[in-house]
Amino acid sequence: MPQAEEMGQITTLNNRWSNCRIGITGASGSLGRALTQKLRSRGAVVIGLTHGPIPSAEPSDDAPQEWVQWKCSQEASLKSTLVSLDVLVLNHGINPQGRQTPKDIKAALEVNALSSWRLMELFESLALNAEPSIRPRELWVNTSEAEIQPALSPTYEISKRLIGQLVSLRWNNLTSNQRKVFKIRKLVLGPFRSELNPIGLMSADLVASQIVQQADLGLNLIIVTPNPLTYLLMPLTELGRMIYSRLLGSGSTDNQ
């Protein structure tokens with residue numbers, strides 16, 4: 001019987017992503033493609049949310065089965081797509097590197113933080129008001145370890161700290177009933193090789209594998225980095241934010 005129970009647990013894990021509809025912003029980037037490949041290999045249906053033209057290349061394992069175009073500031077246009085998703089992964093972003101002009105600051109805040117916040121609000125509202133389902137809907141937000149550490153790009157750091165704190169605010173203010181139907185996971189990632197960072201220390205494939213494995217383990221705070229300090233500082237940061245939030249007596253009263 002123990003062997004049969006163990007086999008049942010393995011089957012459940014293997015089937016977790018089967019037919020799960022997962023939307024990924026930034027799906028055409030290095031991490032987006034790697035995540036797509038990992039999730040598709042587990043049976044998920046991936047919908048790529050892209051700012052650019054819909055790719056016309058031949059289908060491949062690291063390409064979404066479906067593509068949807070969208071633009072920052074026009075997040076509401078995605079409502080019909082988001083309502084059908086089981087998981088939304090916010091993975092889009094830009095890195096101005098060392099540029100710090102008002103134009104660069106505005107662009108980084110809009111793309112890295114404000115557009116993600118609007119998508120977070122929309123998806124949360126849809127999840128909390130949807131018909132009950134077998135599993136909670138999930139929101140994964142890639143904030144980067146630049147949320148708490150230097151990344152040699154001040155404008156990028158500011159935008160990532162903003163979205164990171166916004167995720168923590170929602171995380172800490174969901175009621176117990178809301179948590180049953182809506183789950184937030186924060187992805188805190190170190191430097192990986194991509195168009196934004198061609199000298200990253202990790203491969204996108206390694207990062208994607210770790211993200212999916214940690215999600216399989218049920219972790220809400222997913223950390224993938226070669227920097228050991230992040231594994232200490234990030235949980236402490238989240239603990240401090242949670243205590244601060246609860247001391248102020250905050251609690252969500254919306255969408256009850």
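Analyst: Buried means under 20% relative accessible area, exposed means over 50%, and partly exposed is in between. Keep in mind that this is a predicted model.

User: OK. Where does arginine 118 fall, buried, partly exposed or exposed?

Analyst: Arginine 118 has a relative accessible area of 28%, so it is partly exposed.

User: And which residue does arginine 118 form a salt bridge with?

Analyst: Glutamate 75, with the closest N and O atoms 2.8 Å apart. The two sit in distant parts of the chain, 43 residues apart: glutamate 75 is in the loop between strand 3 (66-69) and helix 3 (79-82), and arginine 118 is in helix 4 (residues 102-128).

User: Is glutamate 75 buried or exposed?

Analyst: Buried, because its relative accessibility is 3%.

User: How many salt bridges does the count come to?

Analyst: The count comes to 15 salt bridges. One of them joins lysine 38 and aspartate 205, with 3.0 Å between the closest N and O atoms. Lysine 38 belongs to helix 2 (residues 30-41) and aspartate 205 to helix 7 (residues 204-216), so this pair ties together parts 167 residues apart in sequence.

User: What about accessibility for those two?

Analyst: Lysine 38 counts as buried, because its relative accessibility is 14%. Aspartate 205 has a relative accessible area of 41%, so it is partly exposed.

User: Which residue pairs with glutamate 147 in a salt bridge?

Analyst: Arginine 241 does, and the closest N and O atoms are 2.6 Å apart. Glutamate 147 is in the loop between strand 5 and helix 5 (154-173), while arginine 241 is in helix 8 (residues 228-247), so the pair ties together parts that are 94 residues apart in sequence. Both glutamate 147 and arginine 241 are buried.

User: Which residues are linked in a network of salt bridges?

Analyst: Arg16, Arg135, Glu138, Arg185 and Asp216 are linked in such a network.

User: Change of topic: asparagine 142. Where does it lie?

Analyst: Asparagine 142 is in strand 5 (residues 137-142). Its relative accessible area is 10%, so it is buried.

User: What does its side chain make a polar contact with?

Analyst: With the side chain of asparagine 91, at 3.2 Å.

User: And what else does asparagine 142 touch?

Analyst: Leaving out residues up to four places away in sequence, asparagine 142 touches Leu31, Leu90, Asn91, Lys160, Leu187 and Leu189.

Conventions:
Residues are numbered from 1 along each chain as its sequence is written. This is a predicted model: local features need pLDDT of at least 70, side-chain atom pairs count only at pLDDT 80 or more; totals for chains, interfaces and linings use all residues. Side-chain values use heavy atoms; hydrogens and water are left out. Helices (H or I, at least four residues) and strands (E, at least two) are DSSP runs, numbered from the N terminus. Buried means under 20% relative accessible area, exposed over 50%, partly exposed in between (1.4 Å probe, protein chains only). A polar contact is a pair of N or O atoms within 3.5 Å; within protein, one must be able to donate a hydrogen and the other to accept it, and residues adjacent in sequence count only if both atoms are side-chain atoms. Contact means heavy atoms within 4.5 Å. A salt bridge is a side-chain nitrogen of Lys or Arg within 4 Å of a carboxyl oxygen of Asp or Glu.
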